[in-house]
Amino acid sequence: MKYHVGVISGDGIGPEIVNEAKKVLNAVGTKFDHDFEYEEILMGGCSIDATGVPLTDEAIGQAKAADAVLMGSIGGNTSTSPWYKLEPSLRPEAGLLKLRKSLNLFANLRPAYLYEDLKEACPLRDEIIGDGFDMVIMRELTGGLYFGERETKEVNGVMTATDTLTYSEEEIRRIAVKGFDIAMKRRKKVTSVDKANVLDSSRLWRKVVEDVAKDYPEVTYEHMLVDNCAMQLVKNPAQFDVILTENMFGDILSDEASMVTGSIGMLSSASMNDTKSGLYEPSHGSAPDIAGQDIANPIATILSAAMMLRYSFDLDKEADAVEAAVRQVLKDGYRTVDIMPQEDEKKPYFTQVGCSEMGDLIAGRV
Ligand code: IPM
Ligand code: MG
């Protein structure tokens, strides 16, 4: 079968890591007899340089027409890059936000789990790690503070800035349904995270989640305040299966959860709407400081491509093959520098490889 994949290579390490994901997809194509064709879509800093804006209407059209979109990363160094001298709506990140809104990608799925072979990279103590942990964060992606009205103006001679956090019942319901659906395929537990002791939007969130929960009698669910959740993530991460939360809380908690695994270079993500299409990207950023050196870890992007196979194309066998190939490469002792053990006595057991070699090794094991 033929699949039309939109590819946003983006900025920083984006082009390198996307290249490796394409290598792995091509290996899947050869082995399972699929044809992946790629169309490059400009977004982020590279789009600003080429067109003056971070995302053109043409690029949105290309993304909409694709069967799914695979992305590397966008943006540069926020203190030194000229892109950050532009007004906010013209900066690289604005392109990503516009794409999320244009494709109605309201559901952002971010897995965070501990790899058995990378346990040592986890910053938590052994007794906290226990038998490991495996959670997904279901983050609402097109509402809340990110998309509410905002303004900066002078009030009584003082500069004053306002951002607004709005959620409608419908917006909460559709993400809650996604969260409970995914829980049904996992360990059947949902932790809905809010700040209902302070915010009206959170009180509505709670009410709607409780309502949705009635349709999922097999799923255990609980509410948790966001500050407590931040604490629980480092105290006892194994308690979480699905964390369901709004846009801003999800942004912050997903960074925390990925850091807790110790291997942010390994974590993928999917942004989905109500169609089969979606946007797949690593959870990490564009790492401009190491761009072009062939040392970035392409695994998060390769695993994002696996999510694309699974969720957009229903190619479960193929996704399994990619995930198994990643685990095998780790078992075989290959590491990019970010996941290489630091202790001298351990180093002889591992082989440090660059970005493109890591891609070759994984493609070879598909
Ligand atoms: C993310 C990023 C984005 C966000 C930025 C780049 C706008 O941090 O995908 O988590 O805040 O959503
Ligand atoms: Mg973020």
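The legends below describe close-up views of a predicted model.

In this model, local features need pLDDT of at least 70 and side-chain atom pairs count only at pLDDT 80 or more, while totals for chains, interfaces and linings use all residues. Residues are numbered from 1 along each chain as its sequence is written, and side-chain values use heavy atoms, with hydrogens and water left out.

**View 1. The largest nonpolar core holds 66 residues.** Such a core is a set of buried Ala, Val, Leu, Ile, Met, Phe, Trp, Tyr and Cys residues joined through side-chain atoms within 4.5 Å, where buried means under 20% relative accessible area with a 1.4 Å probe, protein chains only. Phe36, Phe180, Leu244, Leu309, Phe313, Val326 and Ile362 touch the most other members, and helix H10 (residues 299-312) supplies the largest share, eight residues. Helices (H or I, at least four residues) and strands (E, at least two) are DSSP runs, numbered from the N terminus.

**View 2. Strands form an open sheet in the order E2-E1-E3-E12-E11-E4-E5-E10-E8-E9.** The pairing of these 10 strands is mixed, two strands being paired if DSSP finds at least two bridges between them. Strand E2 (35-40) and strand E9 (220-225) are the edge strands, each pairing on one side only.

**View 3. Strand E11 (residues 268-272) pairs with strand E12 (residues 278-282) in the antiparallel sense.** Five bridges join E11 and E12, and Ala270 stands opposite Tyr280 in E12.

Definitions and conventions:
Chains are lettered from A and ligands numbered from 1 in the order in which they are written. Buried means under 20% relative accessible area, exposed over 50%, partly exposed in between (1.4 Å probe, protein chains only).
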